[in-house]
Amino acid sequence: MHALNRRAFLALSAAGLLSACASTGPIAPAPPRDPTQMTQQEIMSAINAVRGANGLAPWSYSVSLEQAARTHSNLMAASDKLSHELGGTLRERVTAAGYLGAVGENLAGGHSDIEHAIAGWLNSPGHRSTLLSDKFTEFGLAASRAPKGKLYWTLIAGGSFDPWRVWI
């Protein structure tokens, strides 16, 4: 009788465990990632996918340019204003971050994710030419959120001054 009770207990336990596993609902999808917390790899993948789709070489990532981009995005978010001139000129900002090469800058405000920011830049001739330039070789990007929730994006592309020189 003791062996029967033990078998019954094990069988009921196993059935209960299977029932519990079967009754759990589907796993909910992960919430959307906060754009202000994107990894360097996520950023590089998004930018270089667009460059690759347009037949261009990938850019490398510059921590100095990211620092300048983050500083500028933070300033725009704090003032809730889209502007290239907050906190000084682009040259002043990248030099303060330790970057001495040629630079170009794309800004965006209000886009919910990097894909929408990129789409906005591609739809603007000036921004498109920066994003798809073959003269730049590296970049940094950052997004910051204003107190009311609006996202501000800064992409700074950089590289050598040599491709910009006119040789006589």
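Which residues point one way from E4, and which the other way? Leu151, Trp153, Leu155, Ala157 and Gly159 point one way, Tyr152, Thr154, Ile156 and Gly158 the other way, and all are buried (buried means under 20% relative accessible area, exposed over 50%, partly exposed in between, with a 1.4 Å probe and protein chains only). The close-ups below come from a predicted model, where local features need pLDDT of at least 70, side-chain atom pairs count only at pLDDT 80 or more, and totals for chains, interfaces and linings use all residues. Residues are numbered from 1 along each chain as its sequence is written, and side-chain values use heavy atoms, with hydrogens and water left out.

**View 1. Here is the open sheet, with its four strands in the order E1-E3-E4-E2.** Its pairing is mixed. Strands (E, at least two residues) and helices (H or I, at least four) are DSSP runs numbered from the N terminus, and two strands pair if DSSP finds at least two bridges between them. E1 (60-61) and E2 (102-109) sit at the edges with a single partner strand each, so one side of each has no neighbour in the sheet. Two bridges join E1 to E3, and these strands run parallel; look for Tyr61, whose bridge partner in E3 is Phe139. Over at E2, the pairing with E4 is antiparallel, over eight bridges, and Val103 has Gly158 of E4 as its bridge partner.

**View 2. Zoom in on the hairpin of E3 and E4, with five residues between the strands.** E3 (residues 138-145) and E4 (residues 151-159) pair in the antiparallel sense over eight bridges. Glu138 stands opposite Gly158 in E4, while Arg145 stands opposite Leu151 in E4. In the turn, Gly149 has a positive phi of about 105°. Seven of the eight residues of E3 are buried, so E3 is largely enclosed by the rest of the structure. For E4 the count is nine of nine, so E4 is largely enclosed too.

**View 3. Now meet H2 and H5, two helices that pack at an angle of about 30°.** Their axes are 11 Å apart; axes are lines fitted to C-alpha atoms, for helices over the stretch in contact, and angles run from 0 to 180 degrees between N-to-C directions. That makes H2 roughly parallel to H5, because angles under 35 degrees count as roughly parallel, over 145 as roughly antiparallel, 65 to 115 as roughly perpendicular and the rest as oblique. Who touches whom? Ile43, Ala46, Ile47 and Val50 in H2 meet Ile114, Ile118 and Leu122 in H5 (contact means heavy atoms within 4.5 Å).

**View 4. Last stop: Asp80, in the loop between helix H3 (63-79) and helix H4 (90-96).** Its phi is near 50°, a positive value in a residue other than glycine. Most residues other than glycine have a negative phi. Asp80 is partly exposed, with a relative accessible area of 37%.
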